Amino acid sequence: MGTPPPTPPPDESQPAGSGRRRFLGYLLAAPTLVAAAELGDWGPAAGTAQAAIPTPPQPPELYDLNDMLTDAALPTANLISVRLHSDGTASLDLPRAEVGQGITTSSAMLVAEELDLPLDKVRITLADARPELLFNQLTGASNTTISTYTPIRVAAALAKGRLLEAAAAEFGEAVSRLTGRAGVITSEGGRRATYGSLAKKAASVATKQVSVELKERSDFTVIGTPRSRIDAVDIVTGRKKFATDLRVEGALPTMVCRPPTINGTVESVRNRAEVEAMPGITDVAVVGTGVAVRGRTFGQCIDAVRALRVTWGPGSAEGKSDASVLSELRKAEIPPAVPKLGPLTKTVEGDFTFHFASNSALEPNSAVADVRSDRAEIWSGLKSPIVAQQTIAKKLGLPQDAVTVHVTEGGGSFGRKLFFDAAIEAAEISQKMGKPVKLMWHRTDDFRQGRTHPMCTSRVRATYAAGNVLSYEQRHTSISTDFTHGLGEIITRMASKLPAGNLGFAETIFTLTQQSPYRFGATTQLLSEVDQGFNTGSMRNIYSPNVRVAQELVVDRLAAGMKKDPYRFRREFLKDERALAVLEKVAEAGDWGRTMPSRTAQGIAVHPEYHGVVAALVEMDCRPETTDREVRDGVTGPRVTKVVCAVDVGLAVNPRGLEAQMMGGIMDGIALALTSSLHLKDGYFLEGSWDNYFYTRQWNTPPELKIIVMPPTTGKPGGAGELGVPAAMAAVACAYARATGTMPTTFPINHDDELAFEPEPVQPPIPQSPTDGLEHAH
Amino acid sequence: MPTHTFTLNGEQVTVEAEDDVRLLWVLRDILGVTGPKYGCGLEVCRACTSHINGKAFNPCAVRVQDVDPGDEITTIEGLADTSDQELHPMQRAWLERDVAQCGYCQPGQIMTAVAVVRKAREEGREVGEADLDAIRNICRCGTYHRIREAIVEGARNM
């Protein structure tokens, strides 16, 4: 593919006779038609700030993390291309990671829309690491659709235009007499040609820049309509392939025997020869993270891991516990600035603790690696494949272009796949063993040694008088969140690894993401971070779920103090019309204020982020007959019986996919509020299975769930993947407070209860699989 | 090395493996049948749920030596063939409701769903809220609500 000279993408000129904006893209020299456009957000970066005196706009209202990511992309010359094939299909190699959030489907919809091709004729693949994309191959901060919405459509529209030109030449008729629909071009004169038959004829012999108009929103027939996932049939038939499903020649199952405490180190292996001789085992190698074993089956790897006798050195959180970490956080808290004022001014305060939580996906950390003396090939679900490629190359001592990094479809991410822990570990193991490996983390390791959402506290002080909130201060203090994936590129990765660099990065992210949607006078939200001894990362958002829960609980307190209904109070103080609209929608659809039995209640919350806004209304049942339900090896407790959610992302490309994202966010919010956390004791996390780490299960789900996708507002898509969690978690917390009469201050609310499970031992580090499965067949 | 014979998705297979290797690894690592997923290896997450003689079970918790030559194992790959259509009614319901997100747990969810409906029928009733609440399969994407809707819909066509 030739690389055309970089040009500022949006051509704002408006030719005579057209009121529509034209966009520039490229036709690329290729055997069949290939049309391309530069990747990046083409709209104005900053939204329009509201004049909200006396509450000055906070940074995210003007310019948020998403804008930073898209602006970081603007100066780079990088292309996203739509390719037409002779079989009538079109394809797009998407430089993003699909991990369940539905971007392959929504991207296919963008192509189908502008190309006027049926959705099932569009194929989306995930691009290998493309270092020339610099910042622009990071899948994070719900940024994919925001940053690809225009370029994908431009490329597809260019392809359509070129097909029309090719057909016009073939038919000997003017382009104006042709229409392209459903993959076929027809002329007023009755001629007909399929896109497939034109794919070669429409190919460009030279790479050249051309301009194109995009469809008006009123002409959309695909965008904004509910569509099912393009990989749904592959999924329900078991054909969809994840990293460990790949068959790479010689890549045998591989696992790692990991230390008994977080990031412990190998001092010596006492029975290496014995383990090497175990059935099926081919190799044993000491690596930076533990002792790797490779064998014919993962079952035999489990046996070998359990058989290894390793002397371990200390880890990075030695001896630490929940209580000692909380004490570290307390010492780092920044005090509020506004003093408690005189008798006419009242103060509301809140002090909240959020425990460690796991961002483990159902697909554990896994990767295939084939490292040779002069090259390496890696397969893994990766949201920052360029940094992965660069870091792996450095670790292996290979030039960057000798390392090929394939992005596989991911079995969930929730922040986990922003990092490439399995990919770099697999590469190291493959190099040490001199053989290809298929590495998979055991579930127990995925919880105990995998990344976590760090423990944090949030303290809030708000003052009010005479019907006004005068000040709102929030002090968020967290165990350091690892952002060393940077912006997906090695330069920023290096910057965030500088001394104090991570703190600067974290503060930047905090400032760019956190905002108060309310008119609360002087508003400050500050972050302080301590302790880099834990394996941390984003978890379906970074700070928002916790910051939002703290704020919404205090909002309910302010409302109570001012003798106002929580919903009416929010209506009165919300700054933004879109926030007001979703709030009113859930209040109406959820019958806010209806009479409910004692120990049951509603809660309501609203959350703006990434050019979108969402509201949730939750009904909670805390009656003993509900909280005392018995489920074997499960946690019941209070049950969310109903959730009504209204979401406005500006423009929902695929409302069905957006609903799915909200549904998942709601289940995460319920888990984080009520049941799921990691318990730290003696330098390790006690949780080792899904019957220890209590993510929402069927018995915790709301029997009633209603998700309302608001009609388009801004006309441009906002972020969706993370949006649902904070509002849901906060509404659950508020409903719990109202049902029980006690404001929860520790999350999840059951964290300090007696442990609901018997922890697995730490040595051997992973439990053996049971053998009684046939007795449980049902 | 011992050999083991059983019926897998309608075909008789014979495989060489140590007796105590769990069936999940025989399926995935030796036979290349990757529909059943690993999510814990502890009979907890249920991502590997398949059927043995029509009943749901977790191959991560069964030694290959405990599978008899007469046993019929069905994984997600073979589910459609147990119906008279191109896809099993439960698979069609899954498509109709667009249940899946990442899809990793979904083969196990569907295999569980079919068994839950069959069990309710054997008890002379239709699948209800209590049956749905009792399903243990983890979906970390949180598609639980659509799973419930799809099971009820799929049951109608079973």
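User: Where do the domain bounds come from?
Analyst: Domain bounds come from an automatic or database domain assignment. Residues are numbered from 1 along each chain as its sequence is written, and chains are lettered from A and ligands numbered from 1 in the order in which they are written. This is a predicted model: local features need pLDDT of at least 70, side-chain atom pairs count only at pLDDT 80 or more, and totals for chains, interfaces and linings use all residues.

User: OK, which domains does chain A get?
Analyst: Domain 1 covers 10-43 + 51-235, domain 2 covers 243-316 + 365-440, and domain 3 covers 322-358 + 451-747.

User: How many residues of domain 2 of chain A are in contact with domain 3 of chain A?
Analyst: 15 residues of domain 2 of chain A meet 16 residues of domain 3 of chain A. Contact needs C-beta atoms, placed from the backbone, within 7 Å. The domain 2 side has 7 nonpolar, 7 polar and 1 charged. Nonpolar is Ala, Val, Leu, Ile, Met, Phe, Trp, Tyr, Cys and Pro; charged is Asp, Glu, Lys and Arg; the others, Gly among them, are polar. Over C-alpha atoms, the centres of these two domains are 36 Å apart.

User: Switching topic. At what angle do α15 and α20 of chain A pack?
Analyst: About 35 degrees, with the axes 8 Å apart. Axes are lines fitted to C-alpha atoms, for helices over the stretch in contact, and angles run from 0 to 180 degrees between N-to-C directions.

User: Which residues make that contact?
Analyst: Among them are Arg548(A), Glu552(A) and Asp556(A) of α15(A), and Met729(A), Ala733(A) and Cys734(A) of α20(A). The contact has 11 nonpolar, 1 polar and 3 charged residues.

User: Last one. What is the pattern of chain B?
Analyst: Chain B reads β-β-α-β-β-β-α-α-α-α-α along the sequence, with 6 helices and 5 strands.

User: What box do its C-alpha atoms fill?
Analyst: The C-alpha atoms of chain B fill roughly 45 × 30 × 30 Å, along the principal axes.

Technical notes:
Two residues are in contact if their C-beta atoms, placed from the backbone, lie within 7 Å. Helices (H or I, at least four residues) and strands (E, at least two) are DSSP runs, numbered from the N terminus.
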